[in-house]
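User: I have a two-chain model to go through with you. Could we look at it together?
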Amino acid sequence: MAAEPSRNAVVKFFRRYWAVISIAVAVLGVIAWAAAAPITSASRDEIFEIPKGTWARRMAGDNIEILPNEIRLTLGVRDILVLENQDDVPQIFGPTLMMPGQGLRLPFALASSYQFACTAHASGQMTILVEPFPASAWARLRWRVRELLKSAMPRRDEAAT
Amino acid sequence: MLARLLNRALVMLLPLLCLTALASAADDASLIAGVFSPPRAAPDFSLRGSDGNELQLSHYRAKVVILEFGFTSCPDVCPTTLAALARARKQLGPEGNDVQIVYITVDPERDDAERLRKYLAAFDPTFIGGTGTAEQLAAVRREYGIAATRTNSSTSYAFSHSSYTYLIDREGKLRALMPYGHTPDDYVHDVGILLKQ
């Protein structure tokens, strides 16, 4: 007899908050998927471009930033940095000189923080942060959230063209 | 008549050329090292060789050249890479004769030809070193886009320098750069691809 009122209360509660409960279940489902589902990637390339006219714009006093100050890569997912120099002048990038029209496809095999000289930057320096493969649930969740945020924000080299 | 023959020859050759280009691109994609596309001619230089002769990169056309920059007092990067290269060359067997390791110093003050010769011979007597004036060596580094910064301590000095090695094909084109820390097997893999082209 006593169970009847409490059951009614539960039903009432669900009827009242069904929308909130549905959203909460959906959010938890997405979080559980993001943490559990294995990370795969169609391409391991992270592509950047130094657009034509970068040097000329800088010489004219335009303090543009083409590439981010920090590029994050993830081993086994996106661990190949591809840089295209579409500018009219050679650019120093890391340990090499890239001629106009030349591209460099640079794979990384060790998780570390790499300091690269880069003449496409006003500071002349940039950091490439190579992180280990997100093996744990927490690392996968964090990686997916960061990728989501990254895709929501326009990249500097895309915004500059 | 001649024009028709030339046209036919062109039609027959074109797919062959396309296939060759595609095969080369596919090989580049399978390199472990970082790959330049398109590759440019590796800048030539003229320095004093550790064998006492003039050292010119163009002398080694028809060989695959692995170019490294460093200094003989380097405590870690240079000996590790040179040891890996020596082992890779041995692993290549007779094909290793078509590979030339060229080591250019960033420390002309201490690294004269004789010191370079003794240092490199400890790894592999076929390795050749290059030295010159500070200006000559700086010009070579500039051509390759390489930085080397002198760091002074109270008693001595050292250099912070690029730890990458540069892979140059038989035609003298700068094809790829290998980051520090790769194994002799990785070098054998990439050099093997370049030797076959």
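User: Which residue of β1(B) does A:Arg105 stand opposite?
Analyst: A:Arg105 stands opposite B:Val35 in β1(B). Strands here are DSSP runs of E with at least two residues, numbered from the N terminus. This is a predicted model, in which local features need pLDDT of at least 70, side-chain atom pairs count only at pLDDT 80 or more, and totals for chains, interfaces and linings use all residues. Residues are numbered from 1 along each chain as its sequence is written, and chains are lettered from A and ligands numbered from 1 in the order in which they are written.

User: In what sense do β6(A) and β1 of chain B pair, and over how many bridges?
Analyst: β6(A) and β1 (residues 34–41) of chain B pair in the antiparallel sense, over three bridges. Pairing requires that DSSP finds at least two bridges between the strands.

User: How many residues does the contact take from each chain?
Analyst: Chain A gives 13 residues and chain B gives 14. Residues are in contact if their C-beta atoms, placed from the backbone, lie within 7 Å.

User: Which element gives the largest share on the chain A side?
Analyst: That is β6(A), with five residues. The elements giving two or more residues to this side are β5 (96–98) and β6 (103–107) of chain A.

User: Changing topic, how is chain A divided into domains?
Analyst: Domain 1 covers 1–37 and domain 2 covers 45–160, with bounds from an automatic or database domain assignment. Their centres, taken over C-alpha atoms, are separated by 44 Å.

User: And how many residues of each domain are in contact?
Analyst: Four residues of domain 1 of chain A are in contact with four residues of domain 2 of chain A.

Technical notes: Two residues are in contact if their C-beta atoms, placed from the backbone, lie within 7 Å. Helices (H or I, at least four residues) and strands (E, at least two) are DSSP runs, numbered from the N terminus.
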